Amino acid sequence: MLSFAMRRLVLTIPTLLFISFVIFMLLQLAPGDPMANVPLTVPDEVKQKMREALGLGEPPLVQYWKWLVQMFWIEPQVFIDWLFGTNMTEGVQRVISWQSRSPVMDIILQRIPQTLWVVGTAYIVAILIALPVGIYSAYRQYSVFDQAGTFVTMIGFSIPPFFTGPLLIVIFSVQLGWFPSIYDTTHTVTDWASFKVQLGQMIMPVLVLALQITAQLSRYMRASTLDNLNQDYVRTARAKGLSEAIVVNVHVVRNSMIPVVTVIALGIPAIFGGAIITENVFKVNGIGQLLITALSANDLPMVMTLTFIFAVLIVLFNLIADVLYGLLDPRIRYD
């Protein structure tokens, strides 16, 4: 298993390089000009110097090479400087946002905690709800609980976040006044009262994100559990006199989790994509809203870096899913 993981990690390097090259070249074809928002009173020679400072006057391959050096060589050194208090990167050129003229990674690191608060909580809540619901629905197939769960999950999977978000705002913020409609990213948790405020403003965006994840995971879990409940090993376990709780919770659930692990692992990068809509609906100052803002301003370095981070998440969680296969099923070996 360790050798398999090491081989996969080595293979991710050319994979991510190819992905970054494709993303960079596609963004080069995107219409727009970062100098479009510069006031008309700025002379042309000043605009030209600004273009050169942003690296716009160089060939695309040169720009891509500089981005690679800055992203994979300079940014890790910046992290080491921050960690140990050194000054290896003093005065070096980093990946700069065209919109804010600040280092891209500094802005992203400022936004990530807000996204993780919402996305991480939504994913944990969805898993804690979806897995038991899927298992019990399969065990009580065609019962009232199963039919009600099927109805609710189909609705949750069919309704997009850009509809459920404003709907929850109208009901719980405008009509009932229970929760704030705008997420306050400046709020800090220092005591129990501030924690309740944080919890209150997180409820609606977490519900919007968790609704679709719960619907998807519960259906996968139900289908996988149903498939395993009819296997010979389950009948053998029951024939040996094992209790129904041990048969279901130990034998059936473990084998049923093998295909569901893929959905859970690959769903983590996908929910970051879904958070783009949710963050804009509830004004969460996270990386989703940052991406939309960067696209609107034609901030290609920011868009490039955020898109590449999403690609890294997909490749990474693919590897995690493969490793978890071997842990859940001893019959699976990669060596």
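**Secondary structure of the predicted model.** In this predicted model, the protein comprises 11 helices and 0 strands, where helices (H or I, at least four residues) and strands (E, at least two) are DSSP runs numbered from the N terminus. Residues are numbered from 1 along each chain as its sequence is written. Local features need pLDDT of at least 70 and side-chain atom pairs count only at pLDDT 80 or more, while totals for chains, interfaces and linings use all residues, and side-chain values use heavy atoms, with hydrogens and water left out.

Residues 115-139 are 100% helix, with end C-alpha atoms 36 Å apart, whereas residues 151-179 are 79% helix and 0% strand, with end C-alpha atoms 27 Å apart.

**The largest nonpolar core.** A nonpolar core is a set of buried Ala, Val, Leu, Ile, Met, Phe, Trp, Tyr and Cys residues joined through side-chain atoms within 4.5 Å, buried meaning under 20% relative accessible area (1.4 Å probe, protein chains only). The largest such core has 61 residues, and those with the most contacts inside it include Trp67, Ile108 and Leu306. To this core α4 (104-139) gives the most, with 12 residues.

**Surroundings of Ile108.** Leaving aside neighbours within four places in sequence, Ile108 is in contact (heavy atoms within 4.5 Å) with Ile287, Leu290, Met302, Thr305, Leu306 and Ile309.

**The second core.** A separate core of 7 residues includes Ala138, Leu226, Ala237 and Val247.

How values were computed: Buried means under 20% relative accessible area, exposed over 50%, partly exposed in between (1.4 Å probe, protein chains only).
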